[in-house]
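Dear colleague,

I am handing over the structure we spoke about, and below it you will find my notes on what turned up when I went through it. Please read them with the coordinates open beside you.

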Amino acid sequence: MTRRIIVRHDGKQEKVRHPEKMRNPLQPSPKKPDWLRVRAPVGAGYERLVKDMRKRTLSTVCEEAACPNIGECWNSGQATFMIMGEICTRACAFCNVITGKPLPLNEKEPEEVAKMTAEMKLSHVVITSVDRDDLPDGGARHFAEVIEAVRKISPQTTIEVLTPDFLRKEGALESLMEASPDVFNHNIECVPRLYPSIRPGARYYHSLRVLQKAKELNPSVFTKSGIMVGLGENDEEISQILDDMRCADVDFLTMGQYLQPTLRHAPVKEFKTPEWFEKQALIAKRKGFLLASCSPLTRSSYHAGKDFAQLQKERQERILSRR
């Protein structure tokens, strides 16, 4: 993909990370409140993981999506592998991943992810990807091959996938679910009213159906979905999303504050307080979710390993309570 060069105010040249968004007007967000301050990513664990990722030419969503928790997670040996390249075929208004024409799939990637998982001695690994609308199956089979490779080299590791929606990819979800991930995650991202401006390439009810169908294909899998807040939604719309997720039998909800990656991305309309998030977690539990992680800095894969253990515990307790 050819990226445009711009000249900064200090005379230096730099590549434009999001050329498809350069025509968007500048949309500044309000100043971040104190509870959203995070430390810059430093530390021995962080530096080691950066070096190992570069050596194996692997990508992480932690870096590509500019996750605010990267320092904490990488220093504790946690990472979310992003497969199928760094270039996405969609241009969502909230996302920091580059849009353009992707490169061909790396056939060695499943083995490389599996080796890295084993080297890191991960008890739980999260695998996500860019959207690959250019592929006949959206990359579903590649997901399955990564799962199979990890299971072969590191059979004790539990596996969580965070997938695209496989829109108009007949049989794709079935292909992926044959590999039996332990957790299937697909994010709803925002309330349906905002889809045309925030997530224009996706369809709200299709995403709900993906989550529902994953559970139908494998009832033992934990299903998970997340939303961002602060984009202009209201509490009633959020409540409706939670009800829709439960109708799709989603087990685990993640909810975090949207943060604007650049001034060309969608602006933040409101910063929700930590107390507001605590209230949403209680509401979600009352609606029947096994687990709800709701906080300003919550992201899809944040504390994923610990959350998986908690999911297993919650499911077992619920089974016992029904006897």
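The model is a predicted one, and I begin with helix α5, in which Ala140, His142, Phe143, Ala144, Val146, Ile147, Ala149 and Val150 are buried. The cover over these buried residues includes the strands β4 (80–83), β7 (124–129) and β8 (158–162), together with the helices α4 (109–119) and α6 (172–177). The geometry of α5 is consistent with its length, because its 14 residues (140–153) should span 20 Å at 1.5 Å a residue, and the C-alpha atoms at its ends are 21 Å apart.

The largest nonpolar core has 69 residues, and those with the most contacts inside it are Phe184, Ile188, Leu253 and Met255. Helix α5 gives the most to this core, with 7 residues. A second, separate core has 7 residues, among them Val183, Leu290, Phe308 and Leu311. As for Met255, its contacts beyond four places in sequence include Ile227, Val229, Trp276, Phe277 and Cys294.

Turning to the aromatic residues, the count comes to 4 pairs. Elsewhere, the charged end of Lys272 sits over the ring of Trp276, 4.7 Å from its centre, while Tyr195, Tyr204 and Tyr205 form one aromatic cluster.

Two further residues may deserve a look while you have the model open. Thr158, in strand β8, counts as buried because its relative accessibility is 18%; its side chain makes a polar contact of 2.7 Å with that of His124, and the residues that Thr158 touches beyond four places in sequence also include Asp182 and Phe308. Glu314, in helix α11 (residues 304–321), likewise counts as buried because its relative accessibility is 18%. Beyond four places in sequence, Glu314 touches Lys285 and Leu290, and its C-alpha atom is 9.7 Å from that of Phe289, a residue 25 places away in sequence.

With best regards

Conventions. Residues numbered from 1 in each chain as written. Predicted model: local features only at pLDDT ≥ 70, side-chain atom pairs only at ≥ 80, totals over all residues. Heavy atoms only, no water. Helix = DSSP H or I, 4+ residues; strand = E, 2+ residues; numbered from the N terminus. Expected span 1.5 Å × (residues − 1). Buried < 20%, exposed > 50% of the residue type's maximum accessible area, 1.4 Å probe, protein only. Contact = heavy atoms within 4.5 Å. Polar contact = N/O pair within 3.5 Å; in protein donor to acceptor, adjacent residues only side chain to side chain. Core = buried A, V, L, I, M, F, W, Y, C linked by side-chain atoms within 4.5 Å. Phe/Tyr/Trp six-rings, centres within 6.5 Å; stacked < 30°, edge-to-face > 60°. Lys NZ or Arg CZ within 6 Å of the ring centre and 35° of its normal.
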